[in-house]
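This report describes the fold of each chain and how the two chains meet. The sequence and coordinates come first, followed by the description.

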Amino acid sequence: MKNGFRQSMSWVHTWGGLSVGWILFFVFLTGTLGYFDTEIDRWMKPELPKDTSTMAQSLAVAEARLQEKAEGAERWFISPPTNRDNPNLRIFWQMPGKDGERGVRGNELLDSTTGDALSGRATGGGQTLYQMHYALHYLPTNVAYWIVGISSMFMLLAIVTGVVIHKKIFKDFFTFRPQKGQRSWLDMHNLLSVTALPFHFMITYSGLIFFAFTYMPLIVASSYGTGDDAERKFFDELFAETDKVEPANSPANLASLSAMVAIAESRWGENQVRYLDITNPGDANARVSIGRQLNSPLRASPELVFDGATGELLNDKAAATSAPRTVRDTFLGLHEGLFANTALRWLYFLSGLLGTIMIATGMILWTVKRRPAQLKKTNGPDFGHRLVESLNLGTIVGLPIAIAAYFWANRLLPVDYAARSEWEIHVLFLVWLATLLYPLSRNIMRGWVDLLWVAAAAYGLLPIINAVTTDRHLANSLAQGDWLFAGVDLTFLTTGILFAIAAIKLQGRLRQAPQAARDAANNKKVISNTTLVAQDVSAQSPEAT
Amino acid sequence: MKNTQSNTDNRYRWQIALRVAVAIVGGYALANITAILLSYLLPMSKSDAVMTGILLSFAIYTGAIMWVFAVRSVKKACMGLIAPSLIIGAVALLLKFTGVAP
């Protein structure tokens, strides 16, 4: 098309990236927060106690509660509090469905010392935030999967073309020219992209693999045919569900779970049991699969399978199976990072942030590059240019503000308000809408300063809101060594400070530039306020002067 | 002069739109058809071969899209996707109907 391979790829990179940039920013930011989903869950339910019970207590409590809530279930699932993902004992059950339909499901958090269900305030928590990165919100899930999938495909394309258009990827990596307008944005975009390139590639490709069966249904259909039965046959073969048994329909007491766990712990070590997956509980054909903690990126756990009625060990299943499935599970495991310890988890979080900021710098670069030419137009910048500038501001600063508002809502909505968890989310999207509309009423550069200050306040005040509304304030958490609560509060505070620094820097830059901007504006007799301030930045870049 | 300019602009826009359409639809078709043939030919169990095809399909898709934008003419871009799709598709169908493939 255009001359030369690099130019064509540069075109694809620019326009492909721009067209889905805002969705990708949303996906990356909410997904990055997902690396601390459990921590955010805990912060958003400050009433929940810390679980200090033993495995035996947890098992007894879980089994009694499941017996009471879900006798005759098709499946029970117990997650004892032995890892980061389950700070409290969790049970799940699924009743048999009628005529092939899925039965009723339920789940509860339990207090392992008293056996009562833990409630705490109703909240979407970190889970809702994390789920938004693939299921969006207010949309049917399949529609959302496709939107995210198409955007991810664009992301993959942007990554590959981004590498291709780099003549000197190594040299550019060590180049940063600050205070140089467009150059600085380009250098920063390169720096962020190359630093975390393996992460960006891994996260995007594995994101596509998560919903690959939805995106590429024809490949399965060509070997297995269409319809639910064909699909089930494929999954059964792929995931080797060989231990699946139908209920015998004759009742039998469940053998001792703690005896089975003891066998598992003797093989794997203490606290290595991640879950107990019980099919057909109370039936002669009950099966108990005990899964091990995730100690590697491979997403599947090794399992010990027991006969639920006799307690006999039937099978020792390795996590790794066939090569293609192992590749898939490793990609998914790397994406989720469930195996990551605290240090690695922070690295995941920071890599995710680098990706988010990389997307933001790319979109800002698009406007900075075009601004000088746009300002020379007799009627001021085009509608398209102004739209991109507004969407950039409303998303890059607006979405973080909206997420802060979600946390504010969690603390400020009445604790017993019935629709509070829905309203937390409504608040998030209403605030985002407001920040998207804000640039319409304000010239764009002043708008950036305003919203950066709003973001600084929104995050900086969160620890104070937390201190006023709960007894788990920062001083308390630090004194008690509660690093989870202290960590969340301190992260909010740091975020607020970073936004404030950005606001001060930008303000300083706008103050330096006005004289040059005014001269330029007078020369061209441009009266539009938007144009005037937009000149400020163009005056910074060497290309414009 | 002005008229010619806007004609060129229009032509350019149509070419871009056409390329985008070819890249998205044609690339998807080629990625699927290639993955299907792979899933028939790979020497492993059926479910594993299908999984491998799916894992590779996104890489094939990416390559196909890049190719559409890299070549000089739109015609060549179209042919470059349609021809291999037809050939690979024909081989896949042949394998299916002769019973070599599942």
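Which strands of chain A does helix 12 of chain A lie across? The model examined here is predicted. In it, helix 12 (residues 257-268) of chain A lies across strand 5 (273-279), strand 6, strand 7 and strand 8 of chain A. The angle between helix 12 and strand 6 of chain A is about 35°.

**The sheet of chain A**

These strands belong to an open sheet of eight strands in chain A, with the order 4-3-2-1-5-6-7-8 and antiparallel pairing. Strand 4 (117-118) and strand 8 of chain A are the edge strands, each pairing on one side only. Another helix, helix 3 (residues 55-69) of chain A, lies across strand 1, strand 2 and strand 3 (105-110) of chain A. Helix 3 of chain A runs at about 30° to strand 2 of chain A.

| Strand pair (chain A) | Residues | Sense | Bridges |
|---|---|---|---|
| Strand 1 and strand 2 | 75-79 and 89-94 | antiparallel | five |
| Strand 6 and strand 7 | 287-292 and 303-307 | antiparallel | five |
| Strand 7 and strand 8 | 303-307 and 313-317 | antiparallel | four |

W76(A) has W93(A), in strand 2 of chain A, as its bridge partner. V288(A) is opposite F306(A), a residue of strand 7 of chain A. E303(A) is bridged to K317(A), which lies in strand 8 of chain A. Strand 7 and strand 8 of chain A form a hairpin with five residues between the strands. In that hairpin, G311(A) adopts a positive phi near 85°.

**A helix pair in chain A**

Two packed helices are described by the angle between their axes and the distance between the axes. For helix 16 (residues 398-412) and helix 17 (residues 420-437) of chain A, the axes come within 8 Å and cross at roughly 150°. An angle over 145 degrees counts as roughly antiparallel, and helix 16 and helix 17 of chain A are therefore roughly antiparallel to each other. Their crossing is right-handed.

The residues that helix 16 of chain A brings to this contact include G398(A), L399(A), A402(A), Y406(A) and N410(A). Among those on the side of helix 17 of chain A are W423(A), E424(A), V427(A), V431(A), W432(A) and T435(A). By residue class, the contact of helix 16 with helix 17 of chain A divides into 14 nonpolar, three polar and one charged.

Chain B has three helices and zero strands, in the sequence pattern α-α-α. Its radius of gyration is 18 Å, whereas a compact globule of 102 residues would have one near 13 Å. Along the principal axes, the C-alpha atoms of chain B fill a box of roughly 65 × 25 × 15 Å.

How many residues of chain B are in contact with chain A? There are 24 of them, and they touch 29 residues of chain A. On the side of chain B that touches chain A, helix 1 (2-41) and helix 2 (46-70) of chain B each supply at least two residues. Helix 2 of chain B gives the largest share of that side, 17 residues. In composition, the side of chain B that touches chain A has 13 nonpolar, seven polar and four charged residues.

Methods
Residues numbered from 1 in each chain as written. Chains lettered and ligands numbered in written order. Predicted model: local features only at pLDDT ≥ 70, side-chain atom pairs only at ≥ 80, totals over all residues. Contact = placed C-beta atoms within 7 Å. Nonpolar A, V, L, I, M, F, W, Y, C, P; charged D, E, K, R; others polar. Pairing = 2+ DSSP bridges. Axes fitted to C-alpha atoms, helices over the stretch in contact; angles between N-to-C directions. Parallel < 35°, antiparallel > 145°, perpendicular 65-115°, else oblique. Left-handed = near helix turned anticlockwise from the far one by under 90°. Rg over C-alpha atoms; globule rule 2.2 N^0.38 Å.
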